[in-house]
Amino acid sequence: MSEGHAATMAAPTWQGGGTPLAVGHKKLGMWLFIISDSLTFSALLLTYSYVRVANDWPTPFHFFPSIVFSTIMTLVLLTSSLTMVYAVSAAHHGARRKAAKWIWATAFFGTAFVVLHGYEWLHLMHDEGMYPWANEYGTPLFGGTFFLITGLHMFHVITGVAYLGIVALGYRRGKWLPEDVEVAGLYWHFVDLVWMFVFPLIYLLSTSVE
Amino acid sequence: MTEVQPSKEVAEYTEVHRHPEPKSFLWKYIFSVDHKVIGIQYMLLAVVAVFVGMALSLLVRLRLVCPECSYPLLGQFFPVGAPEGVMTPEFYLAMLTMHGTVMVFMVLTTAPQGGFGNYFLPIQIGAADMAFPRLNMLSFWTTFVSFLLLMAAFVVEGGAPMSGWTGYPPLSAVPEATVQGIGQDLWLASIAVFCIASLLGALNFIVTTLDLRAKGLTMMRMPLTCWTWFVTAILGLLAFGVLLAAGVLLLMDRNVGTSFFVPAGLVVSDKVIDHSGGSPILWQHLFWFFGHPEVYIAILPGMGVTSHVLSTFARKTVFGYRAMVYAITAIGGLGFVVWGHHMFVSGMSPYSAFVFSVLTMCIGVPSAIKTFNWIGTMWGGKIRFTSPMLYSIGFVSLFVSGGLSGIFLGQPTVDLYFHDTYFVVAHFHLIMGVAAIFGMFAGMTFWFPKMFGRMMNEPLSKIHFWITFVGVYAIFGPMHYLGMLPHPRRYAEITSVDYLGATGAAELHMFITVAAVLTVLAQFIFLYNFVKSIFAGKECREENPWEATTLEWAIPSPPPHDNFAGKVPHVYRGAYDFSLRGAKRDFAMQCNDDKAVFGEPAPQASGD
C-alpha cells in the first residue's frame, strides 16, 4: 500500500461524515468512561497513599490466609479476562452461541470473585475485627481505605456481571452486535486492570513479613 | 440550503440516530430523547435554580446590612434558622453555602453546557441528535434528582449545610461541629449524583463532536461554540470523577466512621473528637483538582458564545480563529495544573506555591489572546448593536475586570493578604459568575428565534442589559475595596468589628445591598421577556434572522424533530465567513458552496 493511499485513508475521517478514530460510538464512549472511572480510582488510591504516609501504617495481612486467598481471587479475575478474550474473538467470527458461552464463563468467574471476596470480607470482620471505622492493628484508616477501595471495585465487578448477562442474552438473540461484546470486554478488562493495582497496593504492601 | 444526496453509508450512519417523533406528551416533553427538548429542560432547570440562588444571595445581603432585622415570613418558613424572622449566623452561612452550590452546579454547569450545548452542538455540527440520545435523557433526569436532593436539604431537620460550596472539612465532616445533620449528607449525595450525571453528559458531548460532524466539517471549521462545548466536556469528564471520589470519602467520614479528612486531636465544643489520621488538606487537594476546572466548565461556553456573537454582529470573521482554538484548549489544559492556588494559605511548601503561581500566571496568556482577538474581531467591523451583541461585549468587559484581579490572587504573597476577603468574592463573581451569565444572556437572546420561532423583545432586552451591566459593577466593584481593608468574607455581621466600621465598610455594604436588590429585580424583566416571548413574541419564521453563517440558521425555526429533515448537510467552509470580497451577500453560510456564494463563474475559494 502506497503512502499516498494511507494518507487518503486516514484523512477523510477527520473531515466529517465519519468516525475519525475508526471505532463505533459505543466503543469510544466506553473508552471515555474508562478514563473518567480510572480518575475516580486514581483519586482513591492517591488518598490511600496520602493517609498511608501520614500515619503509622499497619501490615496485618499474613501469607495465610489473606495473601493466598487474594492471590486465588486474582487468578480467578485474570481467568475471567481470558474467557472474555475468547468471547470477543468468537463474536468477531460470528459464532453467537460460542461467544455467549464464553461470556457466561466470564460472568461465572466474576461471580466467583465476588463470592470469594465477600467471604474474605466476612473473615476479616468476624475473625480479625477489621471494620471501616476500627481495627486492632493500628490506624482505623487502614480499614477505611481497604473496605472503600475493594468495595468500590467489587461494586464494579457486580455491575460488570450484570452487564455481561445482558450482553450475553442480547447477543445470543441477535439484538446486539459483535462490537457490543467487545465494548463489554473493554469494561471487564478495565475492572480487571483496576484490581491489578489494588492487589499489590492494598494487599501485598500490607503483608507482614515474618 | 445546499444539500447532497446522502450516500448509502451516510444514510445508514444517520439512521442510527433517528428515532421516531413521539406523539404522547410524556415521551415528547418529559422523557424525551430529543436533544432539543433536553436542552430546554436543562435551561428551565437552570432558570428555576438561578432564581433560588438569587433569593438566597438577597438573604445573605440582608443579613449583612441588618443582622437584627426581623422578616416574619422567613421566620414562618425557617423557625430554627430564623426564629421570629431574625436570621441566625448559622442560617446566614447556610444560605451562603446553598447560594454557591446552587449557582455553581445547578446554573453555571447546567445552562451553558447541558442547556445551550445540548440544543445547538448537534445542529451546529450537522447531526440528527447526540451520539447517545437515551444517555442524554438519563443525564438530565439524574441532574434533576441531584437538584431535588439539594433542595431537600432546606427542609430536613437542622436545615441546609453551612460549610460553603467547597464543603471544607472538618466542618463538613464532623456532624458534632454544626447544627445541621442530614442536610450536609443530602448536599453530598446531591453533588455525587451530579458528578455522575455530568460525566455521562460529558462523554456524550465528546463522542458527538468527534463522530457526528457533517461531511466537510473538519475540526478547524467548527464554530467556536462547538470547540468550547467540546473542551468543556473533556474538563467535565476528567474533573467530575475526582469530585465523585472525594464526595464518597466525605460521606464515609460522616456516616461510616472513617476519618479521611478528620485530623487527630480535633476539639469541637470542648470535646475531643474520636477520630484520627486524616487531613482536611487532602479534601482541598481533591476538591480543587475538580474545582478549578469547574471554573472553566462554567466560563468556556460563554467564551464560545461571545466569539460567535461578536463575529456575527461585527460582520467580520473571528480574528485569529486558530489562536482562539489553541487558547481554548490551553485554558482547559492549564486548568488542571493550577488547583494549588486555592490553597496558598492552607499550609503549602513555598516551592509548590511558586510552581502553582507560575502555572496560574500562564493562564493569563491564552486569556489575553482571547480578549485581544475579541477586540480584533470587533475592530473596524460594521457592528450591529443587537441585544446579544451587547451582552457579549458585556461579557468581554466582565471577563477583563474579573481576570485582572486574578493576577493579584495568583501571587502567593499577595494572596496571603487577600485570601478569604471580599476581594476574592469580587474576583470570582465577576469572572465566573456574572461573565458566564452574560454569555448565557447572549446565547438566549441570540438563539431564541431559532428555538421558539419568535423574537425576544429587543428594547426590553436592552433595558435589562444596561441595568444588569451597571448593577453587577455596582455590586462587585466596591467589594474589591472591602477586600483591601481587608474585610473577611463569610462573616455574618460586621457591626462589632471596629476597624471595619471606621473605614466605611457598613455604608458600602448598604450600597451593595441596594444595588443587589435592584439588579435582582431587573432579572424579572428578562424573565418576563423570556416567558412572554415564547408565547406572544414577534413571530419570526425566517430561517436566518441574524444573517449568521452556521448550520443551525439553515434549518426552519423551530427546527424539525431530526434537525435536518432527513437531509444530510454538507459543509464547505469555515464558520465565520463574513464580508467576503466578491460574494453576493456579505456572508456565506457553512453549507453554501462557492457557486452559491459567488455565483458563476466561481472565483477562488475562501480559506477555512
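I count a residue as buried if 20 or more other C-beta atoms lie within 10 Å of its own. The model I am looking at is predicted.

**Entry: chain A**

I applied that cut-off to chain A first. Of its 210 residues, 38% come out as buried. Next I looked up the secondary structure. Chain A has 6 helices and 0 strands. Reading along the sequence, I noted the pattern α-α-α-α-α-α. I then checked the extent of the C-alpha trace. Along its principal axes, chain A spans about 65 × 35 × 25 Å. Last, I looked at contacts in chain A with a separation of 6 or more. Residues 24 or more positions apart account for 75% of them.

**Entry: where chain B meets chain A**

How many residues of chain B are in contact with chain A? I found 36 on chain B, and they touch 31 residues of chain A. I asked which helices of chain B supply at least two residues of this side. Helix 8 (182-211), helix 9 (224-255) and helix 10 (280-314) each do. Helix 9 of chain B gives the largest share, 9 residues. I also sorted this side of chain B by residue type. It divides into 24 nonpolar, 9 polar and 3 charged residues.

**Entry: cis peptide bonds in chain B**

Most residues other than glycine have a negative phi, and most peptide bonds are trans. I went looking for exceptions. The bond from B:Pro169 to B:Pro170 is cis, with omega near 5 degrees. I located B:Pro170 in the loop between helix 7 (133-155) and helix 8 of chain B. The bond from B:Ser557 to B:Pro558 is also cis, with omega near -10 degrees. B:Pro558 sits in the loop between strand 4 (538-539) and strand 5 (577-578) of chain B.

**Entry: positive phi in chain B**

I turned to phi next. B:Asp270 is not a glycine, yet its phi is positive, about 65 degrees. I placed B:Asp270 in the loop between strand 1 (267-268) and strand 2 (271-272) of chain B. Is B:Asp270 buried or exposed? It is exposed, because 5 other C-beta atoms lie within 10 Å and the cut-off for exposed is 12 or fewer.

B:Ser579 is not a glycine either, and it has a positive phi of about 50 degrees. I found B:Ser579 in the loop between strand 5 and strand 6 (587-588) of chain B. I counted its C-beta neighbours inside 10 Å and got 15, so B:Ser579 goes down as partly exposed.

Definitions and conventions:
Residues are numbered from 1 along each chain as its sequence is written. Chains are lettered from A and ligands numbered from 1 in the order in which they are written. This is a predicted model: local features need pLDDT of at least 70, side-chain atom pairs count only at pLDDT 80 or more; totals for chains, interfaces and linings use all residues. Helices (H or I, at least four residues) and strands (E, at least two) are DSSP runs, numbered from the N terminus. Two residues are in contact if their C-beta atoms, placed from the backbone, lie within 7 Å. Ala, Val, Leu, Ile, Met, Phe, Trp, Tyr, Cys and Pro count as nonpolar, Asp, Glu, Lys and Arg as charged, and the others, Gly among them, as polar.
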